[in-house]
Protein chains: 2
Amino acid sequence: MFRTLFHGLLALALLGLAGAARAEDGYDLWLRYRPIEAEWQARYRPVAASIVVAGDSPTMRIASAELKRGLDGLLGGAVAEDQPAGAGAILVGTPEESPMIDALGLPLESMGREGYLIRSIRIGGKPMTVIAANDDVGALYGAFHFLRLIQTRQPIEALDIRSTPKVQLRLLNHWDNLDRSVERGYAGQSIWDWWKLPDFKDPRYTDYARANASIGINGTVLNNVNAKADSLTAPWIGKAAALADIFRPYGIRVYLSARFSAPIEIGGLKTADPLDPQVRAWWKAKADEIYRAIPDFGGFLVKANSEGQPGPQDYKRTHADGANMLAEAVAPHGGVVMWRAFVYSHETPDDRAKQAYNEFKPFDGRFADNVIVQVKNGAIDFQPREPFHPLFGAMPKTPLMMEFQITKEYLGFATHLAYLGTLFEETLAADTRAKGEGSTVAKVIDGSLHGYRLTGMAGVANIGSDRNWSGSHFDQANWYAFGRMAWNPDMKARPIAEEWARMTFSNQQGFVSPAVDMMMGSREIVVDYMTPLGLHHLMASGHHYGPGPWVDDLERADWNPVYYHRADAAGIGFDRTKAGSDAVSQYAPPVARMFGDIDTVPERDLLWFHHVGWDRRMASGRTLWDELVARYGRGVRGVESMQRDWTRLAPFVDAERHREVATFLAIQRHEAKWWRDASIAYFQTISKRPLPAGEAPPEHPLSWYRALNFPFAPGH
Amino acid sequence: MFRTLFHGLLALALLGLAGAARAEDGYDLWLRYRPIEAEWQARYRPVAASIVVAGDSPTMRIASAELKRGLDGLLGGAVAEDQPAGAGAILVGTPEESPMIDALGLPLESMGREGYLIRSIRIGGKPMTVIAANDDVGALYGAFHFLRLIQTRQPIEALDIRSTPKVQLRLLNHWDNLDRSVERGYAGQSIWDWWKLPDFKDPRYTDYARANASIGINGTVLNNVNAKADSLTAPWIGKAAALADIFRPYGIRVYLSARFSAPIEIGGLKTADPLDPQVRAWWKAKADEIYRAIPDFGGFLVKANSEGQPGPQDYKRTHADGANMLAEAVAPHGGVVMWRAFVYSHETPDDRAKQAYNEFKPFDGRFADNVIVQVKNGAIDFQPREPFHPLFGAMPKTPLMMEFQITKEYLGFATHLAYLGTLFEETLAADTRAKGEGSTVAKVIDGSLHGYRLTGMAGVANIGSDRNWSGSHFDQANWYAFGRMAWNPDMKARPIAEEWARMTFSNQQGFVSPAVDMMMGSREIVVDYMTPLGLHHLMASGHHYGPGPWVDDLERADWNPVYYHRADAAGIGFDRTKAGSDAVSQYAPPVARMFGDIDTVPERDLLWFHHVGWDRRMASGRTLWDELVARYGRGVRGVESMQRDWTRLAPFVDAERHREVATFLAIQRHEAKWWRDASIAYFQTISKRPLPAGEAPPEHPLSWYRALNFPFAPGH
């Protein structure tokens with residue numbers, strides 16, 4: 001008997017080995033439940049011995065299955081489920097569904113639907129852990145949090161965790177087109193296989209929902225803000241509804257981008273004038289139709305009168321008129337309208353950076369209760385670095401939500417390693433001074449500064465059909481960091497990077513610390529080799545890949561890099577002081593003074609706000625020209641340093657992922673040098689100054705860089 | 001000690017179980033080496049106890065690794081490698097590298113580079129198996145064959161297998177664009193991540209090569225026949241070279257589609273006239289450049305003067321002039337030119353079906369030695385059924401190769417189940433009568449009929465970035481069948497389907513027989529609900545999705561379905577007899593007579609060749625109109641029957657794949673009914689005849705079907 005059992009186990013073990021040849025292809029993201037170190041298993045097992053989930057809703061079944069899957073994988077053994085709670089039980093649920101949890105009298109009152117408590121408790125003398133919430137989705141969030149503790153090797157014996165989201169709408173924006181291409185997508189096609197929806201439900205949709213729920217993302221805008229009206233026709237509503245059905249138990253609502261002219265294009269009307277009664281009726285009927293298919297539909301996201309999109313101004317109406325009309329249509333169903341502030345007028349303005357403020361500030365307080373205005377982090381367009389958008393702090397009576405770009409349109413596409421946690425943190429931590437010191441952007445976004453009735457944060461997704469979801473392994477961290485900061489805008493980039501690196505790669509200290517250092521420095525490195533010292537919008541046209549600081553021939557002045565850097569014989573930079581475009585005056589006075597004074601503006605923002613002489617002395621003692629060249633070089637060396645770091649981390653990372661990251665870093669090194677060389681070659685024709693000693697001349701003449709073109713770049 | 005070992009094994013087993021949760025997502029294709037039944041393992045193990053591979057070339061290392069991976073997986077245990085050959089050893093190699101194999105004196109003389117022998121032998125009284133070939137790649141093919149025997153549960157104790165390919169060029173044609181879209185692709189994006197090549201080599205490229213080598217495919221045309229000249233620039237040659245380096249040890253050569261006007265577009269010349277010395281010099285230099293990067297580059301595939309593509313006729317030169325110029329450029333390097341016969345003139349012809357013959361027949365014997373003319377299976381364009389192309393048998397002095405379409409442009413995209421083995425077989429088995437009875441298309445293609453110096457078969461790939469490669473699980477069978485029939489055009493569709501079903505799904509007899517029956521009938525079902533009785537080219541415009549028999553407004557007459565069905569008050573069908581377009585006369589006289597006589601033409605081809613009165617009696621005794629309606633209905637019922645069959649097969653198939661196939665069958669059922677209803681609704685407006693008793697009227701009025709449109713259909 002024993003021998004038979006032994007042989008059976010042997011066969012099983014060998015079978016397991018064959019099965020375990022599964023590639024580390026990144027599909028599992030940070031939910032990578034591989035068996036952990038034996039000593040940690042030994043420590044955790046008694047505290048995570050069984051799972052007792054109260055309730056049988058789809059959400060609670062998911063919470064239960066996730067804990068089972070996670071603990072089975074991590075602890076390398078089958079964790080019991082649904083036992084009568086004994087020592088080491090993990091109790092999961094709501095007081096309503098679980099008498100045991102109810103009896104604990106936990107302080108859940110102020111925690112809303114999504115908050116959760118995780119506590120180490122004793123019941124009948126037996127140590128247990130309770131994951132409790134007011135609603136099932138809170139319990140699911142708590143379950144993911146509990147797993148994260150184990151994934152990151154935190155103690156779980158004496159827990160007293162309380163977490164509620166500070167932001168209500170935590171949304172991904174998919175710029176996914178109906179033909180499955182993705183605008184500014186560098187991770188393959190859209191994960192929405194529209195053609196086969198609603199019939200075929202790719203199992204990947206479920207994994208998408210799991211990943212989002214694990215970081216608290218609670219909504220997703222399925223289609224591109226440059227929207228087709230077709231997305232609002234019955235067949236496409238059906239496809240959206242199929243996705244909504246899958247996402248619902250994960251606490252994720254579906255939203256749609258709405259094309260403002262849809263009443264004409266699919267409604268057969270002659271106008272889309274928001275004050276036209278027929279138009280209003282059409283949108284109300286359309287909203288009713290959508291809500292019949294998707295009862296918890298989140299609402300609309302709208303890009304109007306921006307970059308050629310239709311909008312209320314086509315009818316001499318205002319943004320408020322347009323937004324409020326849509327808001328009226330979804331209000332009876334509890335929906336919201338997210339109205340984007342990324343607008344700039346058809347006429348070439350004196351300074352594009354001022355346009356959004358100029359167009360929206362006058363309408364503060366004029367938007368309906370269920371409208372929230374979505375503002376990009378900076379005033380231009382997702383550059384490697386931008387000062388915070390002047391609208392933050394300037395709209396006390398209108399809820400503003402943040403729009404970050406997770407996909408790296410301007411930061412090297414998928415192959416450049418650039419951890420965006422630092423970019424998000426920098427923006428959120430910026431002090432608007434709107435109501436005195438400490439009036440951070442984070443406090444605008446979480447609503448606390450102005451008492452917003454609605455709060456939100458959106459991230460333009462970097463998710464696609466690539467096996468690793470994001471186009472590169474490290475780009476997964478940007479999705480992760482966005483979710484974590486949307487939950488809590490006060491979270492810092494470093495601990496998030498550390499969590500992610502531990503869950504995604506390794507908990508070995510030899511790995512974690514250097515990997516996190518590398519991530520933390522990575523975005524500044526990109527700034528250095530692309531747009532140092534406050535330069536911006538220097539990329540090539542259309543696809544936005546590679547340097548194009550010389551571009552001066554695009555239709556609109558403010559589409560050209562030369563419009564932004566304004567380099568001339570005297571110096572370089574965009575004068576946004578009172579002497580120039582006076583964009584600084586859109587900020588609160590102390591901020592305006594700080595940015596507007598060349599002696600107080602941070603060097604990192606210098607050329608954003610000032611036109612500066614080539615020979616001006618910088619903090620380093622170098623002239624501006626020399627400093628500029630030095631920054632470009634520092635960027636290239638920064639990538640080389642990341643390459644060395646990553647090489648040293650090889651012992652901690654599986655071969656497949658290590659090789660891929662190393663290959664991408666080599667591409668990044670090559671392209672960083674291209675940026676440096678092309679930029680210096682160009683700017684030197686204007687500065688007419690020699691390179692500082694020790695700085696290598698560009699590898700090719702400027703004409704060589706100008707001749708490069710990339711007709712098949714992705715995402716365009 | 002024993003207890004420790006036991007616990008270790010227990011842990012391993014549990015770990016294995018956790019790891020084994022790997023989804024059955026179809027990625028493994030037919031190389032799905034899951035552990036087989038214990039009794040079969042017991043039977044095979046003694047005969048496959050160890051692997052002894054001679055030689056250390058990349059190809060032999062691959063053969064060794066594949067056998068190891070396959071046997072470890074299938075037999076559920078670690079198979080020994082590189083042991084001194086004992087009982088149960090599998091000896092793999094060439095006489096040149098292996099003295100043991102050399103000593104066996106195997107009859108390898110006439111087997112070429114790619115042929116192989118597999119024999120059960122005894123050495124020193126010990127039973128062994130030898131897999132021998134003249135070249136490493138032959139040994140690799142033999143290794144895959146040996147694994148296939150186990151995968152399909154064949155006896156392996158007394159093997160005496162001898163296999164050589166009957167066709168030299170066994171090629172996939174990828175219609176993959178440089179922006180990663182795929183023309184007529186229904187499986188996601190191109191698997192070529194051009195943007196990240198040549199630096200990043202997706203591990204998937206290796207799995208692609210493995211899969212192809214396993215069925216003997218030895219070449220791949222990387223880019224679309226509707227080619228961009230960019231594909232011949234240095235950066236793209238570098239990308240192709242990176243792929244060639246990966247594919248080389250698998251016996252796979254890389255080819256490129258060449259745009260005829262490239263000398264103008266990227267060469268800066270004023271002309272692409274094939275007789276212009278500068279043009280000839282440009283192509284020679286271009287070929288030299290390619291061969292420097294890819295020493296075993298296969299050659300060019302060209303679509304010229306077809307559907308708007310440039311070609312020699314733009315300069316009043318002939319197809320032979322064009323092909324021979326390119327042939328001259330690649331000849332010194334051993335390359336070939338595959339010149340497509342899919343042409344039709346700019347002027348609307350009397351019958352498009354006659355064009356290729358008319359254009360090419362006069363040039364028989366006028367092509368250079370390293371040119372092969374690539375001919376689609378039928379004279380129109382990959383319809384669900386076409387009679388064999390009249391060029392087959394008509395070009396005795398010019399090598400012709402077959403072009404099949406594996407991707408289902410006209411057979412329901414990825415969601416309709418249509419096993420194309422029967423289509424391939426039907427074409428290959430067709431008798432051209434060119435040199436008397438038995439002059440089958442297969443014998444044209446394998447070169448035996450006319451003594452061709454070059455032979456080839458191309459399949460337009462259905463491969464994309466979808467996890468399951470082909471867009472649906474059953475579409476993998478079409479890739480598989482193509483490869484098997486390219487190796488041996490005499491192979492029959494049924495045994496290939498059986499091999500595939502066993503390897504891909506299950507060897508249980510309760511599964512195999514019904515699954516193979518389902519596959520074997522599937523394409524005829526599609527013919528029934530789309531284009532019964534010889535009808536053809538009835539699809540909607542552009543994307544070719546769904547029915548559009550009414551379309552009559554496209555620019556060229558011969559792009560319109562009405563051009564092909566010619567339905568009128570009297571009857572329906574294209575008169576290609578002498579009284580009509582006389583396309584029949586392009587066939588050998590006995591075939592021409594058979595097709596040309598309404599009493600001898602097979603009913604399946606009736607309306608391809610004849611305009612037939614609505615009331616003509618068919619073999620069934622029904623009138624043509626009633627028969628047409630009956631066939632449409634039979635198609636719909638055929639899908640319903642497949643649905644029932646598949647439901648019954650649930651016990652044999654993992655849940656994930658079963659669900660996906662079932663979902664796709666439901667889509668197919670829905671769309672089959674759409675085809676039937678729309679077609680009947682339309683044709684009834686012309687036939688003016690009632691539906692036969694018991695036939696349900698179309699669900700919607702004709703106007704409803706005509707109003708449908710699909711602007712976001714894939715592959716277009």
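Start by selecting residues 471-694 of chain A, where an unreviewed UniProt entry places the feature "domain: Glycosyl hydrolase family 67 C-terminal"; such positions follow the numbering used here, feature names are shortened, and annotations may be inferred rather than shown by experiment. The span is 54% helix and 2% strand, and its end C-alpha atoms lie 37 Å apart. Helices (H or I, at least four residues) and strands (E, at least two) are DSSP runs, numbered from the N terminus.

Two notes before you go on. This is a predicted model, in which local features need pLDDT of at least 70 and side-chain atom pairs count only at pLDDT 80 or more, while totals for chains, interfaces and linings use all residues. Residues are numbered from 1 along each chain as its sequence is written, chains are lettered from A and ligands numbered from 1 in the order in which they are written, and side-chain values use heavy atoms, leaving out hydrogens and water.

Now colour chain A by domain: domain 1 (38-163), domain 2 (169-504) and domain 3 (528-574 + 611-706). These bounds come from an automatic or database domain assignment. The C-alpha centres of domains 1 and 3 of chain A lie 50 Å apart.

Switch to chain B and select Lys239(B), in helix H7 (residues 234-247). Is Lys239(B) buried or exposed? With a relative accessible area of 9%, Lys239(B) is buried (under 20%; exposed is over 50%, partly exposed in between, with a 1.4 Å probe and protein chains only). Show its contacts (heavy atoms within 4.5 Å): beyond four places in sequence, they are Trp194(B), Trp195(B), Leu197(B) and Pro198(B). The Lys239(B) side chain reaches the backbone oxygen of Trp194(B) at 2.8 Å. Pro198(B) is 41 residues from Lys239(B) in sequence, yet their C-alpha atoms are 4.5 Å apart.

Next, pick Asn370(B), in the loop between helix H11 (355-360) and strand E12 (371-376) of chain B. Asn370(B) is also buried, at 13% relative accessible area. A polar atom of the Asn370(B) side chain lies 3.0 Å from the backbone oxygen of Ala327(B). Among the other residues that Asn370(B) touches are Val330(B), Gly335(B) and Leu454(B).

For the last stop, select helix H12 (residues 421-429) of chain B, where 7 of 9 residues are buried. Phe424(B) and Leu428(B) are among them. Their cover includes strand E13 (400-405) and helix H16 (509-530) of chain B.

Conventions:
A polar contact is a pair of N or O atoms within 3.5 Å; within protein, one must be able to donate a hydrogen and the other to accept it, and residues adjacent in sequence count only if both atoms are side-chain atoms.
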